[in-house]
Amino acid sequence: MVARAQNFVCQSCGAASARWAGRCDACGAWNTLVEEGAATPARGSRKGRLFVIEPLKGQTLEAPRLPSGVAEFDRVTGGGLVRGSVLLLGGDPGIGKSTLLIEVAAAYSRRGQRAVYISGEEAVAQVRLRAERLGLAEAPVELAAETAVEDIVATLSHGKPPQLLVIDSIQTMWTQTVESAPGTVTQVRGAAGELIRFAKRSGTSVILVGHVTKDGQIAGPRVVEHMVDAVLSFEGEGSQQFRILRAIKNRFGPTDEIGVFEMTGSGLREVANPSELFLSERDLGSPGTAVFAGIEGTRPLLVEIQALVAPTSLGTPRRAVVGWDPSRLSMVLAVLEAHCGVRLSGHDVYLNVAGGLRIAEPAADVAAAAALVSSLAHASLPADAVYFGEVSLSGAVRPVAQTAARLKEAQKLGFGRAIVPEAARTEAPPGFALATIAALSELVADIAHAGKPPLRRVGNREGE
Ligand code: TYD
Ligand code: MG
């Protein structure tokens, strides 16, 4: 059989090939091919077993979704874990995956659900120590340090199945059905397959922890991404305290919601109002920053966009962007050049979304343009203003969804005015000033002219 012969498996993408090669043909990664045993040895031929086929219309007795009570976690999963579903949580080592999951397990157990936490990386005592540090020592979570999937499944198949099973991590698990060494793609896939079967059979919701490699992929278990119901990623900047939980794939819920946490000395704290956090270190009064009133999922989120525009010393000016779509930046730069008379071809342009957040909304166009022009003109923008609006290739500023929610959030956080598309005119909350713009060129003119008085200049920091 051809499939049996292909036993060099790429540890990055899972592609199999018959011969060893220095570079994987499928994903281009170097030195990732490892010889592995055949996935599942043929067990000899057997007759098909008969199973019951059920009608679509039927009764599901239990609530299909179990909320944990950790609001930020529930938001990202779409209202809690679905019974019998399997979720993969990816993230850099040390980002706080184990911390998050012991907190989630504790929250479930405190609600009277059976929650089991299996660590393949740490001893029970270590997990217990962490729980003590988090003030969760009294929570009725059941612990074990195990790596053999068959043993785990056999143990949990006795008695009432748990509502939640945490496997930390999938890379440490191994199954007897596969001959390869633990940590290889074949093992990870085999172990995940066993656990997924257990989840579907018992109705237990399973969370698998997956490590992420340096280049941002969930190592090895990329193949697992296709097998599970949801993939969440836990992200954060090493130097900063906050962490963002984001759904990359979710068969049962949205993928645009984010959950925000802050890592403290006593565990992860939920951040119910992330705008406050993202704006807390604002550098008031310096040119090149604009506050964008965005929406993440269903929640308004204010975030600072920072730009630096400086004359270039290179033949080809640099364009670097963190937290936003580079092609969106190119488009805004092109519109500034073509329709607003702003010459940027001799300048390096850097754009950064503060706090490590990633923005996908086109509504950020106006805020990004404001930050860019503010930096170029050395004119700081009013500290109490927020910006949003989509820019079209013709230079027109187009309306965006959920204007009222954006403005309300801005007012709640002490902002007094907004620079917005014309359609937003009727949506201002009382006491909130709106400046509407029909074209990006109006914004540019405003920043360039009003750069003198009512806006403050560099070095003039009386607003702080
Ligand atoms: P951990 O959950 O072990 O990360 P992961 O499982 O993703 O590898 O978290 C490890 C980091 O979190 C470690 O650097 C210490 C920090 N931390 C805190 O700051 N406060 C805490 O209460 C805990 C438990 C960890
Ligand atoms: Mg861990």
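**View 1. Leu 245 stands opposite Gly 259 of strand 13.** In this predicted model, strand 12 (residues 242-250) and strand 13 pair in the antiparallel sense over five bridges, where two strands pair if DSSP finds at least two bridges between them and where strands (E, at least two residues) and helices (H or I, at least four) are DSSP runs numbered from the N terminus. On to strand 14, strand 13 pairs again in the antiparallel sense, over four bridges, with Met 263 having Leu 268 of strand 14 as its bridge partner, and a hairpin of two residues joins strand 13 to strand 14. Strand 13 is mostly covered, six of its seven residues being buried, that is, under 20% relative accessible area, with exposed meaning over 50% and partly exposed in between (1.4 Å probe, protein chains only).

View 2. Strand 6 (residues 86-91) and strand 11 (residues 230-236) run parallel and are joined by five bridges, Gly 91 having Phe 234 as its partner in strand 11.

**View 3. Phe 234 and Phe 261 form an edge-to-face pair.** The count comes to one aromatic pair, by a rule that takes rings of Phe, Tyr and Trp (its six-membered ring) with centres within 6.5 Å, and calls planes under 30 degrees apart stacked, over 60 edge-to-face and the rest tilted. Here the ring centres are 6.0 Å apart and the planes at 80 degrees, so the pair falls in the edge-to-face class. Because Phe 234 lies in strand 11 and Phe 261 in strand 13 (residues 258-264), the pair ties together parts that are 27 residues apart in sequence. Both phenylalanines, Phe 234 and Phe 261, are buried.

**View 4. Helix 11 (residues 403-412) has Thr 403, Arg 406, Leu 407, Glu 409 and Ala 410 buried.** Seen down the helix axis, these buried residues fall within an arc of 160 degrees (taken from the directions from the axis to the C-beta atoms), so they line one face of helix 11. Lys 408 and Lys 412, on the other side, are exposed. The elements covering the buried residues include helix 8 (274-279), strand 15 (289-296) and strand 22 (417-421). The charged end of Arg 406 sits over the ring of Phe 388, 5.3 Å from its centre, under a rule that asks for NZ of Lys or CZ of Arg within 6 Å of the ring centre and within 35 degrees of the ring normal.

**View 5. The peptide bond from Asp 168 to Ser 169 is cis, with omega near 5 degrees.** Ser 169 has its place in the loop between strand 9 and helix 6.

**Notes.** Residues are numbered from 1 along each chain as its sequence is written, and chains are lettered from A and ligands numbered from 1 in the order in which they are written. Local features need pLDDT of at least 70, side-chain atom pairs count only at pLDDT 80 or more, and totals for chains, interfaces and linings use all residues, while side-chain values use heavy atoms, leaving out hydrogens and water.

Key: Contact means heavy atoms within 4.5 Å.
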